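Dear colleague,

I am handing over the structure below, and would ask you to look at it alongside the notes that come after it.

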Amino acid sequence: MVINRLLITGAAGRLGRIARDHFYGKFTHIRLSDRSDMDAARKGEEIVQCDLVERDQVERMLEGVDAVIHLGGQPNEAEWDTVINSNLIGAINIWEGAHKAGTNRVIFASSNHAIGMHSRACKIDHECEPRPDTRYGVSKAFGEDLGRLYSYKHGIRSFNLRIGSCFPKPTDARGLSTWLSHRDLCQLLDIGLTADYQHEIVYGVSNNPLSFWDNSNAKRLGYKPQDSAEEYRTEIEGKHFDDPVAEQLQGGGFSASGFTGDLDSLL
Ligand code: NAI
């Protein structure tokens, strides 16, 4: 199905601005949404300011949309109310709106924190058990399950991108494993919009030799990462967490925050 109208949520955010610039001029119509202010619309762009928790507004925003890149939401750990509103209800509203609108694809910004309680010693793939490390991580695992529901039951293509650490460059030693360059992010979003699939989970990670993840599922869909955190090794290799939980579990500081479990049983 040809994509005439693309919706990008979270368009005022860090990754939303990257996606906005990457897709500018590539589709007839790009609808950009966030609850925060966004730069003025350019040719072929439309701005829709709305909170994801507002079901009627979100459903109107989905009308006529062929594909969604859903980046909007709470991007790290927060109290339940915030996570529930922005990430649980917000994601439900996006999927329900997509279903009502006949949208063909939803690309969801999931997170490595959906699986952050796995040991760094285990190289996991897209079929591993979800092990959220935070309330935030639970919301990402929930979003992936919404994808399964609307994909297998209603036929919407669902592309779930478990993003590692997507910044201009890696910031600490964990980034040697988790970093995703902006260029590789854009390649993965392109794959999400064009590849033939029903429901997929892929890792949003660059070509890092120390990656925690076997990303063969992304490679099967055509992903050829261009960047590697190794280029920054000398800047970051000494920047470790001063905490054994953060150092041994994949979610790093998210896994360690408030941890009261049995670390040995997880290794
Ligand atoms: P960001 O915080 O820069 O952007 C998120 C945007 O969502 C913000 O502009 C914010 O205003 C908007 N937003 C939040 N709650 C909203 C609501 N209730 N209604 C409408 N808009 C709302 O975060 P970033 O880094 O751009 O992340 C984008 C997505 O990617 C998020 O879903 C995040 O969880 C996910 N992600 C990002 C990673 C990264 O390394 N940047 C890593 C893993 C996942």
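What follows is an account of the aromatic pairs and the helix packing.

This is a predicted model, in which local features need pLDDT of at least 70 and side-chain atom pairs count only at pLDDT 80 or more, while totals for chains, interfaces and linings use all residues. Residues are numbered from 1 along each chain as its sequence is written, and side-chain values use heavy atoms, with hydrogens and water left out.

The structure holds 7 aromatic pairs, where rings of Phe, Tyr and Trp (its six-membered ring) pair if their centres lie within 6.5 Å, and where planes under 30 degrees apart count as stacked, over 60 as edge-to-face and the rest as tilted. One of them joins W95 and Y150, whose ring centres are 5.5 Å apart and whose planes are at 15°, so this pair is stacked. Because W95 lies in helix α3 (residues 80-101) and Y150 in helix α4 (residues 135-153), the pair ties together parts that are 55 residues apart in sequence; helices here are DSSP runs (H or I, at least four residues), numbered from the N terminus. W95 counts as buried at 2% relative accessibility, and Y150 counts as buried at 6%, buried meaning under 20% relative accessible area with a 1.4 Å probe and protein chains only.

The rings of F212 and W213 have their centres 5.8 Å apart and their planes at 85°, so that pair is edge-to-face.

Turning to the helices, the axes of α3 and α4 come within 10 Å and cross at roughly 15°, the axes being lines fitted to C-alpha atoms over the stretch in contact, with angles running from 0 to 180 degrees between N-to-C directions. That makes α3 roughly parallel to α4, since angles under 35 degrees count as roughly parallel, over 145 as roughly antiparallel, 65 to 115 as roughly perpendicular and the rest as oblique. Residues of α3 including L88, I92 and W95 meet residues of α4, among them F142, L146 and Y150, where contact means heavy atoms within 4.5 Å.

Helix α2 (residues 55-62) packs against α3 at an angle of about 45°, with their axes 8 Å apart, and the two are therefore oblique to each other. In this packing, residues of α2 including V58, M61 and L62 meet residues of α3, among them I94, G97 and A101.

With kind regards

How values were computed
Buried < 20%, exposed > 50% of the residue type's maximum accessible area, 1.4 Å probe, protein only.
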